[in-house]
Amino acid sequence: MKADDPELVAALASVAEGPEDEGRRRVLADLVLEGGDARGEFVLLQFLLAENQASGAIRQRADELWRL
């Protein structure tokens, strides 16, 4: 996905308008992940960690992505 993709631009603008809205951030993360960018996966894993729904494997994967 390119930085000037209209769907990505709209999602970024939505998050900028309401950064406290977790739903907007999740939509952006899904979109980035669908575009093949591991940062989307990292953000989604961070949601699981924040909700205390992360297994050891999820924590390990988040750590791996953090190191990239």
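## Helix 1 and helix 2

The axes of helix 1 (residues 6-17) and helix 2 (residues 22-34) come within 9 Å of each other and cross at roughly 155 degrees, and the two helices are therefore roughly antiparallel, a term for angles over 145 degrees. Their crossing is left-handed. On the side of helix 1 the contact (heavy atoms within 4.5 Å) involves E7, L8, A11, L12, S14, V15 and E17, while helix 2 contributes R24, R25, L28, L31 and V32. Seven of these residues are nonpolar, one is polar and four are charged.

## How the model is read

This is a predicted model, in which local features need pLDDT of at least 70 and side-chain atom pairs count only at pLDDT 80 or more, whereas totals for chains, interfaces and linings use all residues. Residues are numbered from 1 along each chain as its sequence is written, and side-chain values use heavy atoms, with hydrogens and water left out.

## The segment before helix 1

D5 lies in the segment before helix 1, and its side chain reaches the backbone nitrogen of E7 at 2.9 Å.

## Helix 3 and helix 4

Helix 3 (residues 38-50) and helix 4 (residues 56-67) have axes that come within 9 Å and cross at roughly 140 degrees. Helix 3 passes helix 4 in a left-handed crossing, and the contact includes, among others, F42, L45 and L49 of helix 3 and I58, L65 and W66 of helix 4. By class, this contact has nine nonpolar, one polar and three charged residues.

Note on methods
Axes fitted to C-alpha atoms, helices over the stretch in contact; angles between N-to-C directions. Helix = DSSP H or I, 4+ residues; strand = E, 2+ residues; numbered from the N terminus. Parallel < 35°, antiparallel > 145°, perpendicular 65-115°, else oblique. Left-handed = near helix turned anticlockwise from the far one by under 90°. Nonpolar A, V, L, I, M, F, W, Y, C, P; charged D, E, K, R; others polar. Polar contact = N/O pair within 3.5 Å; in protein donor to acceptor, adjacent residues only side chain to side chain.
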